[in-house]
Amino acid sequence: RAKAGGRGRAVLFSMEQEEGLRERRRIEEELRQALSRRELSLAYQPKFRITDGRIEGCEALLRWHHPEMGMVSPGLFIPVAEETGLIHPITQQVLDMACRQAMTWRAQGLDVPVAVNLSAGHFGAEQGVRLVEEALAATGCDPALLEVEVTEGVFLRSAEAATRSFKALRGMGVRVALDDFGTGYSSLGYLQHLPFDVIKVDRTFIAGLEEAGPGRRIVDAIVRLAHGLGAEVVAEGVETPGQLATLRQLGCDKAQGFLLGRPMPPCALAEMAAHPPERPEARSAA
Ligand code: C2E
Ligand code: MG
Ligand code: MG
Ligand code: MG
């Protein structure tokens, strides 16, 4: 009986694997078409200066609206894109859209730098730098309006190539942010060689601010560490007024999260940026 049960589980497992494989293939095929059919768009989530509630930038987040499947989450299709190499043409489109949007806002009198997420795979052979250069050249975008966000995963692949890439980007005037800080393979060693402009504290630490415990001390330490290195600190995933109040006390520079603004269409972000409230809380009360 134990044997049969074991076999049953084995069969079930392989069926699940097959199912997963088929799902990935489907996503890959659909993604190829999405690129040519231009089904990909960007939502923009504002980043607020905590002291005065002003919008000082935003993050471009990829949205895929599939005609039948509906909205497909980047958490689902980005890993497939990374495995298949489709991430390169996707990033090209994303950078192009983000640069054009930043320039459109500037023409409207709004300077809102846009941050784009770049995959770790772009930095193994420094293609990331070329992609950014091409986008800036093609759109005529001011490099000061562009920021890139990378996760600690880049240092796992090739720390040296990544370091060279980020130096090149900063040399071009593009800011570099370390995304999801504290959740990856946080070796503090790389911070020694690589000056980041921005450190984004992962939202798991921000959620931890709600409870009494070590969470607050960790965020406190990250803020001090970042400031000591000359970097600005952005808190990700701010969802409650209590979290925001604590971040203000800790001297965190900027906040991003559902409390203050969800990822939104560009016109909504422009509207928000043009009418800053006195303090960010006022926005969530409205
Ligand atoms: P990320 O770069 O860390 O982006 C932040 C994610 O947190 C976004 O999810 C955003 O919608 C979500 N978020 C923002 N505020 C809150 C909050 O208050 N609470 C909660 N629970 N979530 C919040 P999204 O848009 O689903 O993107 C997920 C991930 O997919 C991103 O994480 C990023 O790693 C990746 N991604 C998104 N767009 C791109 C892209 O254009 N290129 C690449 N390579 N990756 C992308
Ligand atoms: Mg990001
Ligand atoms: Mg993040
Ligand atoms: Mg994240």
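**Aromatic rings and a magnesium site**

Colleague: Phenylalanine 166: buried or exposed?

Modeller: Phenylalanine 166 is buried, because its relative accessible area is 1% (buried means under 20%, exposed over 50%, partly exposed in between; 1.4 Å probe, protein chains only). This is a predicted model, in which local features need pLDDT of at least 70 and side-chain atom pairs pLDDT 80 or more, while totals for chains, interfaces and linings use all residues. Residues are numbered from 1 along each chain as its sequence is written, chains are lettered from A and ligands numbered from 1 in the order written, and side-chain values use heavy atoms, without hydrogens or water.

Colleague: How many aromatic pairs are there?

Modeller: There are six, pairing meaning ring centres of Phe, Tyr or Trp (its six-membered ring) within 6.5 Å, with planes under 30 degrees apart stacked, over 60 edge-to-face and the rest tilted. Tyrosine 44 and tryptophan 105 are edge-to-face, because their planes lie at 75°, with centres 5.2 Å apart.

Colleague: Where do tyrosine 44 and tryptophan 105 sit?

Modeller: Tyrosine 44 is in strand β1 and tryptophan 105 in helix α3, 61 residues apart; helices (H or I, at least four residues) and strands (E, at least two) are DSSP runs, numbered from the N terminus.

Colleague: Changing topic, what are the protein donors of the magnesium ion (ligand 2)?

Modeller: They are Glu59, Asn117, Glu149 and Asp179, 2.1 to 2.2 Å from the ion. Donors are N, O and S atoms within 2.8 Å of the metal (3.2 Å for Na, K and Ca), and sites may look incomplete because water is not among the atoms.

Colleague: Which residue bridges ligand 2 and ligand 3?

Modeller: Aspartate 179 bridges these two magnesium ions, which lie 3.8 Å apart.
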